[in-house]
Amino acid sequence: MAATETYVFLQPPVYQSQALVLTTAAGEIDQAHAAADLEHVNIQKQVLLGQNVLETTAQS
């Protein structure tokens, strides 16, 4: 057990993070939920896969 613990603590640290961005668009009050959800997914896709976000991520 001591050998295993030593091996684990000698490994270089790995730092990871995740973020979730939820965007909403103004819509009709009586709009169907399925259509609204699809619209939100499309907005998120456009924002998160935009060229500025991808370039900034690649530089990090």
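pLDDT is the predictor's confidence in each residue, on a scale from 0 to 100. In this predicted model, local features need pLDDT of at least 70 and side-chain atom pairs count only at pLDDT 80 or more, whereas totals for chains, interfaces and linings use all residues. Residues are numbered from 1 along each chain as its sequence is written, and side-chain values use heavy atoms, with hydrogens and water left out. The protein chain has a mean pLDDT of 76, and 72% of its residues reach 70 or more.

**Fold and confidence**

- The protein chain contains three helices and zero strands, where helices (H or I, at least four residues) and strands (E, at least two) are DSSP runs numbered from the N terminus.
- Read from the N terminus on, the order of elements is α-α-α.

**Surface and burial**

- About 5,900 Å² of the protein chain is accessible surface, and 60% of this belongs to carbon and sulfur atoms; accessible areas come from the Shrake-Rupley method with a 1.4 Å probe, and for residues only the protein chains shown count as cover.
- Of the 60 residues in the protein chain, 8% are buried, a class defined by under 20% relative accessible area, with exposed meaning over 50% and partly exposed in between (1.4 Å probe, protein chains only).

- Gln44 lies in helix H2 and counts as buried because its relative accessibility is 17%.
- Val47 has its place in helix H2 (residues 33-48), and its relative accessible area of 41% makes Val47 partly exposed.
- Leu49, found in the loop between H2 and helix H3 (51-59), counts as exposed because its relative accessibility is 55%.
- Apart from neighbours within four places in sequence, Leu49 is in contact (heavy atoms within 4.5 Å) with Gln44 and Leu54.
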